[in-house]
Amino acid sequence: ARVGISRPHESAHLHVAGEATYIDDIPELQGTLHCALGLSPVAKGTLKSADLDKVKAMPGVVAVLTAADIPGSNDCGSIVHDDPILCDGEIRYLGQPVFAVIAESRDQARRAAALARQVLQIDALPPVLTPQQAHAQQQYVVPPMHLVRSSTEGGAQAAIAKAPHRLQGTFDVGGQEQFYLEGQISYAVPKENDGMHVHCSTQHPTEMQHLVAHALKLHAHHVQVECRRMGGGFGGKESQSGLFACVAAVAAKKLNRPVKLRLDRDDDFMITGRRHCFWYEYDIGYDDEGRILGAEVNMVSRAGHSADLSGPVMTRALCHFDNAYWLPDVALHGFSGKTNTQSNTAFRGFGGPQGAIAIENILDAVARRLGRDPLAVRRANFYGTTERNVTPYEQTVTDNIVHEVVDQLVASSDYTARREAVAQFNAGSPVLKRGLALVPLKFGISFNVKHFNQAGALVHVYNDGSILVNHGGTEMGQGLNTKVAQVVAHELGVSFERVRVTATDTQKVANTSATAASTGADLNGKAAQDAARQIRERLAACIAAHHGGTAEEVVFANDEVQVAGRTLRFDAVVAQAYLDRVQLWSDGFYATPGLSWDRDKMKGRPFYYFAYGAAVSEVLVDTLTGEWKLLRADVLHDAGRSLNPALDIGQVEGAFIQGMGWLTTEELVWHPQTGKLMTHAPSTYKIPTANDCPPVFNVRLFDGPNREDSIHRSKAVGEPPLLLPFSVFFAIRDAISAVGGHRVDPPLRAPATSEAILSAITAVKAAA
Ligand code: MTE
Ligand code: LUZ
Ligand code: MOS
């Protein structure tokens with residue numbers, strides 16, 4: 001078997017040797033020019049004038065372009081078309097690109113672009129910066145959404161009113177910068193007869209192709225977009241690589257020279273959006289066991305100046321408020337607040353984490369009020385397997401394994417004994433407090449936009465027996481190409497080394513979806529399998545015709561082919577098939593079955609299946625300084641029958657630490673008057689480092705196949721584990737709760753920075 005086994009990432013040896021080619025490593029063509037963007041120094045207003053002659057006079061500058069230079073539409077919006085490439089007169093956020101400088105060198109372009117602060121005359125208006133402000137003004141980027149399920153007469157409010165206990169409150173969760181190591185970059189090369197070839201670091205080459213074609217007033221067939229790999233995407237290159245692809249292409253077209261646009265890290269922070277911060281208002285009814293009987297929740301996100309993917313992000317947030325819990329009566333309302341900030345976008349989890357952390361925070365608060373272990377309250381609310389198993393959006397949960405996952409993790413992590421030990425430690429330790437928390441997850445797999453759930457692939461078997469695979473997915477470090485190559489090798493019964501995967505290219509597979517929603521291997525793996533299966537069947541028919549027996553009896557394994565009692569080399573079979581004029585290449589296609597979604601009612605089956613997992617974290621908090629440490633984390637995660645356990649464990653570990661950063665150290669601060677993002681570099685924006693990994697980090701995969709017919713019964717693994725570090729946040733909350741003898745519910749916001757921890761401790765002490 002070539003699937004189900006651990007093997008290194010197909011480019012690992014190139015990554016570690018610095019030999020993997022990223023866009024900036026492509027040798028530059030003669031005549032290449034460099035681009036930098038002039039950014040608005042004001043968050044909201046009207047552009048009055050721009051003295052661009054001053055910019056043009058700078059050394060090395062070849063041209064300065066504005067919106068007027070775009071031959072087609074000045075729009076790089078994805079889904080909703082409300083996103084100008086360059087400012088059209090209305091200033092929407094501080095950092096918005098207003099003009100593009102094209103110069104002989106990158107340094108010259110950047111120096112000239114930096115004149116933006118001096119040459120732009122803007123009539124400034126006060127900006128709207130927070131989700132609360134936008135909500136108060138009913139200013140949204142997409143219409144409000146409502147997900148309602150009523151089991152009780154009168155719905156959620158009636159259920160809350162009747163419930164034995166009631167909890168009302170608010171909660172704040174911050175945004176997060178993707179911080180891909182390779183920043184946004186595009187290199188556009190004009191081709192003959194109106195052609196344009198764009199090398200772009202993007203999760204979505206097809207979308208880039210469309211945006212560039214529209215901007216240049218060309219057709220899709222004029223534009224080729226190619227990406228061998230990204231140095232990380234994390235959702236940040238799903239739609240937002242578009243602006244840079246368009247600017248580079250517009251400049252290349254206008255000047256008829258190759259143009260490269262590579263952002264500086266600070267500019268990347270100032271221009272592009274990130275994970276949406278959320279603000280919640282909730283009203284909950286619950287019983288003595290902590291079971292949630294009714295929930296009415298407002299979720300308000302900071303969408304930024306345009307829609308981008310904020311609508312689908314909010315849909316996923318609303319569809320993940322249930323997490324692993326059955327909620328009979330809910331009324332959930334999603335508001336995507338329009339603010340004068342960068343346009344927020346996809347980030348690992350795509351609103352799912354923001355939806356699920358709200359119910360987790362509520363359950364934690366309910367447990368504190370009842371004086372019960374939060375794990376007991378969580379368990380009391382779990383989805384059942386045959387009843388209590390319909391989600392608020394009316395999808396039946398048929399694959400629930402949350403009970404098994406949690407039971408196994410409770411045992412392997414020694415949860416019960418450690419809960420005791422933590423209590424004992426805290427009883428004797430007035431300053432340092434320990435905290436422990438176990439949090440489960442359930443995450444829906446499929447794009448919540450149905451037609452995105454399709455993929456194509458192209459497999460070539462050359463007549464020397466070597467194999468080349470191309471598919472619509474993109475490689476961003478997650479190991480997609482490795483998994484797809486494994487699937488093809490398995491299907492043709494050949495060694496992994498025989499299969500080579502090439503760059504994603506819009507001229508090879510057309511009309512692809514973003515590599516997103518964790519569906520890369522599910523979709524492209526199936527499409528590549530389909531292509532490989534067709535070639536195998538043709539080879540089998542050919543070789544059976546020579547040696548006897550039926551095509552169905554031919555076995556492909558270990559680079560050999562068994563037919564009618566003989567064993568032939570795979571190469572020899574391929575060579576024979578070529579002589580027989582058998583087609584040795586094939587396309588393949590896949591569309592996820594069984595999906596349905598009514599956008600207006602927010603009901604249907606948006607997900608093919610669910611991925612599950614759970615984590616236990618133990619922390620130590622210094623209650624005088626707010627400093628803390630993760631002492632130990634235990635994870636059990638469901639990747640179905642993993643295609644490659646080593647890659648999947650890498651994804652789980654990476655997502656855990658990345659999610660921990662979101663919930664603890666990564667804080668975004670916009671200046672309350674000017675609207676300037678103050679945390680626009682690693683000096684002030686703190687992502688986790690190797691030192692933040694816990695000294696004990698036990699990560700295991702749950703053993704069990706996907707109940708749906710996914711590729712080799714595996715499950716998507718890219719995003720779901722981002723929810724695992726909720727356990728870190730709630731362990732910190734548990735330690736703070738210990739300060740008040742667990743009699744006061746800590747008002748802790750995320751990220752739980754040391755400042756936030758101290759402020760929660762102060763509040764707990766005051767109330768205790
Ligand atoms: N892993 C690495 N190393 N780099 C990335 O950029 N992106 C994540 C996840 N894991 C990412 C990653 C996100 S946001 C998604 S949606 C999935 O990978 C996409 O890839 P997949 O569908 O092939 O899992
Ligand atoms: N839905 C989703 C989407 O669940 N994940 C995504 O990444 C996405 N992207 C675009 C539109 N819908
Ligand atoms: Mo991932 S946020 O779906 O790119």
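A polar contact here is a pair of N or O atoms within 3.5 Å. Keep that in mind for both ligands. The model is predicted.

I'll start with ligand 1. A backbone N or O atom of Phe 234 sits 2.9 Å from one of the ligand's oxygen atoms. Met 476 also uses a backbone N or O atom, 2.9 Å from a nitrogen atom of ligand 1. For Gly 520 the backbone N or O atom is 2.7 Å from an oxygen atom of ligand 1. On its own, ligand 1 has 530 Å² of accessible area, and the protein covers 91% of it. There are 18 residues around ligand 1, and Gly 233 and Gln 651 are among the closest. By class, the shell of ligand 1 holds five nonpolar, eleven polar and two charged residues.

Now ligand 2. Here I have side-chain atoms to report. Glu 238 places a polar side-chain atom 2.4 Å from a nitrogen atom of ligand 2. Arg 316 has one 2.7 Å from an oxygen atom of the ligand, and Asn 448 has one 2.9 Å from a nitrogen atom. Ligand 2 taken alone exposes 290 Å², of which the protein buries 98%.

Last, the surface. Val 431, Leu 432 and Leu 624 make a nonpolar patch of about 240 Å². Leu 432 belongs to strand β16, residues 432-445.

Conventions:
Residues are numbered from 1 along each chain as its sequence is written. Chains are lettered from A and ligands numbered from 1 in the order in which they are written. This is a predicted model: local features need pLDDT of at least 70, side-chain atom pairs count only at pLDDT 80 or more; totals for chains, interfaces and linings use all residues. Side-chain values use heavy atoms; hydrogens and water are left out. A polar contact is a pair of N or O atoms within 3.5 Å; within protein, one must be able to donate a hydrogen and the other to accept it, and residues adjacent in sequence count only if both atoms are side-chain atoms. Accessible areas come from the Shrake-Rupley method with a 1.4 Å probe; for residues, only the protein chains shown count as cover. Patches are made of residues with over 30% relative accessible area and no salt bridge: like charges are joined within 9 Å, nonpolar side chains (Val, Leu, Ile, Met, Phe, Trp, Tyr) within 5 Å. A salt bridge is a side-chain nitrogen of Lys or Arg within 4 Å of a carboxyl oxygen of Asp or Glu. Helices (H or I, at least four residues) and strands (E, at least two) are DSSP runs, numbered from the N terminus. A residue is near a molecule or strand if one of its heavy atoms lies within 4 Å of it. Ala, Val, Leu, Ile, Met, Phe, Trp, Tyr, Cys and Pro count as nonpolar, Asp, Glu, Lys and Arg as charged, and the others, Gly among them, as polar.
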